[in-house]
Amino acid sequence: MKRAKIAKLFRIKPGKKFRLQDYPTNLGHHHALKHLRGEKLTDDARADVQANLDKLTHAQELLYANATRSVLIVFQAMDAAGKDGMIKHVMSGLNPQGCQVYSFKKPSDEELQHTFLWRCARCLPERGRIGIFNRSYYEEVLVVKVHPEILAHQKLPPGKRDKAFWRQRYEDINQLEKHLTANGTLVLKFFLNLSKKEQKRRFLERLEQPEKNWKFSAADLTERRFWDDYQQAYQDCINATSTEWAPWFVIPADDKWIARAAVSAIVSQAIDALGLQPPVVSPEQLKELAAARRELLKS
Ligand code: ATP
Ligand code: MG
């Protein structure tokens with residue numbers, strides 16, 4: 001499937017009502033993939049990731065050389081949806097100098113002394129770089145919305161924590177992303193859409209396979225109890241913040257390699273679409289280069 005078509009398939013159009021239940025967690029039964037099954041599907045997806053990685057490597061070089069644009073990639077998902085593996089596989093092989101990954105956990109005391117966008121704003125990619133957020137300021141309208149008692153620790157001015165409060169947070173996020181886009185940052189946001197059933201399978205694997213025990217955290221099980229609330233929070237959030245300038249992509253995540261193939265296709269295509277060209281060397285610079293060469297040859 002063409003990369004642009006993949007992007008279109010998973011992109012959430014602004015202005016159109018988005019319902020999470022309309023989006024599959026598994027693409028194995030998609031009509032375009034009907035001729036493939038099981039192993040073959042995974043093999044093809046792996047090959048796609050590799051091919052897209054080559055394209056991404058080239059795109060990253062142009063991004064770095066131009067140093068005018070940057071790329072921000074946000075990953076959000078339920079636990080065990082495969083964010084870490086996604087980052088590892090989709091970005092492996094990129095120039096580490098041009099790529100930064102930040103993971104956002106519970107905010108520290110220092111972070112709570114600032115507004116909710118601050119800690120992420122400090123980590124935004126420099127010009128020419130790709131920045132990856134493993135969780136992000138979106139936690140502020142996801143985990144915090146599911147557990148509004150967290151707000152009590154946020155040192156906020158008094159006020160109602162009603163619909164208008166959350167609307168304001170969405171609006172703040174949209175405005176931040178608009179500012180970034182207007183100033184040269186390409187913003188791409190991915191929700192890795194995992195089914196409750198597959199999460200259970202992966203958690204059991206973590207409990208039953210000794211080499212995966214370290215991945216299990218009791219807190220993950222606690223959050224699983226709030227599954228429906230999270231689904232609702234994701235749906236509301238994506239409805240409010242999938243914009244023309246910073247779209248959300250809802251990626252079926254039950255099959256890890258299909259998810260990786262989709263994300264790598266969308267990211268590489270989006271950077272290619274920036275149409276970056278290698279920087280042009282001016283006649284003056286050419287003269288300087290020639291002079292430098294002459295001097296070097298004489299020495
Ligand atoms: P992994 O489990 O693979 O190490 P993770 O991203 O799940 O990665 P954890 O330390 O397990 O990392 O979880 C981080 C927790 O911090 C999550 O439950 C997340 O919802 C929470 N968190 C992130 N940002 C905020 C925030 N702004 N306010 C409150 N909780 C947050
Ligand atoms: Mg975790």
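The legends below describe close-up views of a predicted model.

**View 1. The cavity and the residues around it.** The count comes to 1 cavity of 30 Å³ or more, and the largest cavity has a volume of about 30 Å³. Its lining is made up of Ala-81, Gly-82, Met-86, Lys-256, Ala-259 and Arg-260, which divide into 3 nonpolar, 1 polar and 2 charged residues. Helix α11 (residues 256-272) gives the most to this lining, with 3 residues.

**View 2. The salt bridge between Glu-177 and Lys-189.** In this pair, the closest N and O atoms of Glu-177 and Lys-189 are 2.8 Å apart. The pair links distant parts of the chain, since Glu-177 lies in helix α7 (residues 163-182) and Lys-189 in strand β4 (residues 185-193), 12 residues apart. Both Glu-177 and Lys-189 are buried.

**View 3. The salt-bridge network that includes Glu-205 and Lys-212.** Glu-198, Arg-201, Arg-202, Glu-205 and Lys-212 are linked in a network of salt bridges, and within the pair formed by Glu-205 and Lys-212 the closest N and O atoms are 2.9 Å apart. Glu-205 has a relative accessible area of 18% and is therefore buried, whereas Lys-212, at 24% relative accessibility, counts as partly exposed.

**View 4. The salt bridge between Glu-126 and Arg-129.** Here the closest N and O atoms of Glu-126 and Arg-129 are 3.9 Å apart. Glu-126 counts as partly exposed because its relative accessibility is 42%, while Arg-129, with a relative accessible area of 19%, is buried. A search of the whole structure finds 14 salt bridges, and the pair of Glu-126 and Arg-129 is one such salt bridge.

Methods
Residues are numbered from 1 along each chain as its sequence is written. Chains are lettered from A and ligands numbered from 1 in the order in which they are written. This is a predicted model: local features need pLDDT of at least 70, side-chain atom pairs count only at pLDDT 80 or more; totals for chains, interfaces and linings use all residues. Side-chain values use heavy atoms; hydrogens and water are left out. On a 1 Å grid over the protein atoms alone, a cavity is a set of points where a 1.4 Å probe fits but cannot get out, and a pocket is an open set with protein on both sides within 12 Å along at least five of seven lines; lining residues have an atom within 4 Å of a point. Grid points are joined across faces, edges and corners, and a volume is the space filled by probe spheres set on the points. Helices (H or I, at least four residues) and strands (E, at least two) are DSSP runs, numbered from the N terminus. Ala, Val, Leu, Ile, Met, Phe, Trp, Tyr, Cys and Pro count as nonpolar, Asp, Glu, Lys and Arg as charged, and the others, Gly among them, as polar. A salt bridge is a side-chain nitrogen of Lys or Arg within 4 Å of a carboxyl oxygen of Asp or Glu. Buried means under 20% relative accessible area, exposed over 50%, partly exposed in between (1.4 Å probe, protein chains only).
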